[in-house]
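Please examine the structure shown below.

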Amino acid sequence: MEIGVYTFGDLGPNPHTGETISASQRLKEVIELAKIADEAGLDIFGVGEHHRLDYTISSPAVVLSAIAQATKRIKLTSATSVLSTLDPVRLFEDFATLDQISDGRAEIIAGRGAFVESFPLFGYELNDYDALFEEKVNLLQQLNREEIVTWQGQFRSALSSAMIAPRPVQEEIPIWIGVGGTPESAVRAGRLGTGMALAILGGDPIRFKPLVDLYRQAGADAGHSPEKLSVGVTGHTYIANDSQRAKDEFYPYYSNYWSYVNRQRGMGTRMSRSDFEHMASPETSLFVGSPQQVIEKILKQYELYGHQRFVAQLDIGGQPFSTVVKGLELFATEVAPVIRRETSK
């Protein structure tokens with residue numbers, strides 16, 4: 001199994017000090033975190049796209065290009081690109097450029113986004129939510145296959161023998177579709193033959209198995225080989241030397257994270273410690289605990305899904321950078337080797 005980390009570059013206040021670092025410092029930390037992940041032997045580093053003042057990354061390709069210069073071998077992916085409100089030509093050419101700069105390490109996770117601020121920002125209607133994504137993901141795949149593209153659709157100008165440049169180093173850039181929990185998204189990813197990046201932020205992992213089954217069945221029905229249908233799982237992760245310490249340390253950051261995310265969505269609920277304890281229990285998909293407990297949770301999901309990739313979000317809730325680095329080092333040295341060994345049997 002491939003193992004990696006991703007970040008949204010959120011600007012949450014530190015719950016202990018109340019301080020919020022600058023966007024400049026946060027971006028420098030994201031680049032440094034990618035460098036450490038590369039040196040630690042992890043396989044993937046991802047950055048997500050948001051268009052809000054409490055996030056620092058609105059252009060993943062730009063940030064990943066800076067990361068490409070600071071790293072040597074780690075794969076570089078968006079996590080995700082909000083394809084519904086992006087121009088597929090611009091997105092593809094940006095990531096083809098990243099692929100050239102990084103010597104063939106670029107990937108794209110295309111999604112519809114957890115927030116909707118990009119729709120009015122770029123002049124799109126929320127009523128077209130599904131139609132926009134369907135049209136644009138089909139065009140993105142065509143751009144990936146063909147150097148000269150002729151195409152016509154509803155939401156952007158037609159293309160007539162258009163040259164799509166530069167071409168990537170790879171024959172095609174790997175494209176994944178981000179799936180948050182809707183069966184329709186899982187079926188679409190299977191039908192199109194892309195990878196499926198499944199965001200699992202809590203709850204019993206058995207609830208997500210039907211999505212993996214739908215994805216693989218739709219892929220088979222569309223004639224795609226099983227080897228082409230890759231499943232990745234993403235999730236919030238916090239690791240310390242023992243489980244009680246992990247929970248005690250992570251609770252202030254995790255409750256802080258959900259308080260500002262819920263505020264962004266117009267909700268004011270705050271997470272109690274008992275709610276957190278339930279979310280962090282051994283039966284759930286919140287990867288908080290000792291290295292052994294995190295290993296057990298990942299392997300439990302592997303038994304259910306047989307997935308090819310696990311990518312952790314380590315840096316949420318206003319944690320100091322030193323805390324994030326400590327977690328990444330435990331993840332890379334204690335968790336990743338065991339997962340690779342067990343899933344290669």
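The model is predicted, and local features need pLDDT of at least 70, side-chain atom pairs pLDDT 80 or more, whereas totals for linings use all residues. Residues are numbered from 1 along each chain, and side-chain values use heavy atoms, without hydrogens or water.

The largest pocket has a volume of about 810 Å³. Its lining comprises 38 residues, and Phe8, Gly113, Ala114, Gly180 and Ala199 lie nearest the centre. The elements that each supply at least two lining residues include strand 5 (106-111) and helix 8 (243-264); strands (E, at least two residues) and helices (H or I, at least four) are DSSP runs numbered from the N terminus.

The second largest pocket holds about 320 Å³ of space. Among its 19 lining residues, Ile173, Pro174, Ile175, Gly193 and Lys228 lie nearest the centre. Helix 5 gives the largest share of this lining, three residues.

Thr343 belongs to helix 11 (residues 321-343). Is Thr343 buried or exposed? Thr343 counts as buried because its relative accessibility is 11%, and buried means under 20% relative accessible area (1.4 Å probe, protein chains only). Leaving aside residues up to four places away in sequence, Thr343 touches Met1, Leu299 and Tyr302, where contact means heavy atoms within 4.5 Å.

How values were computed. Buried means under 20% relative accessible area, exposed over 50%, partly exposed in between (1.4 Å probe, protein chains only). On a 1 Å grid over the protein atoms alone, a cavity is a set of points where a 1.4 Å probe fits but cannot get out, and a pocket is an open set with protein on both sides within 12 Å along at least five of seven lines; lining residues have an atom within 4 Å of a point. Grid points are joined across faces, edges and corners, and a volume is the space filled by probe spheres set on the points.
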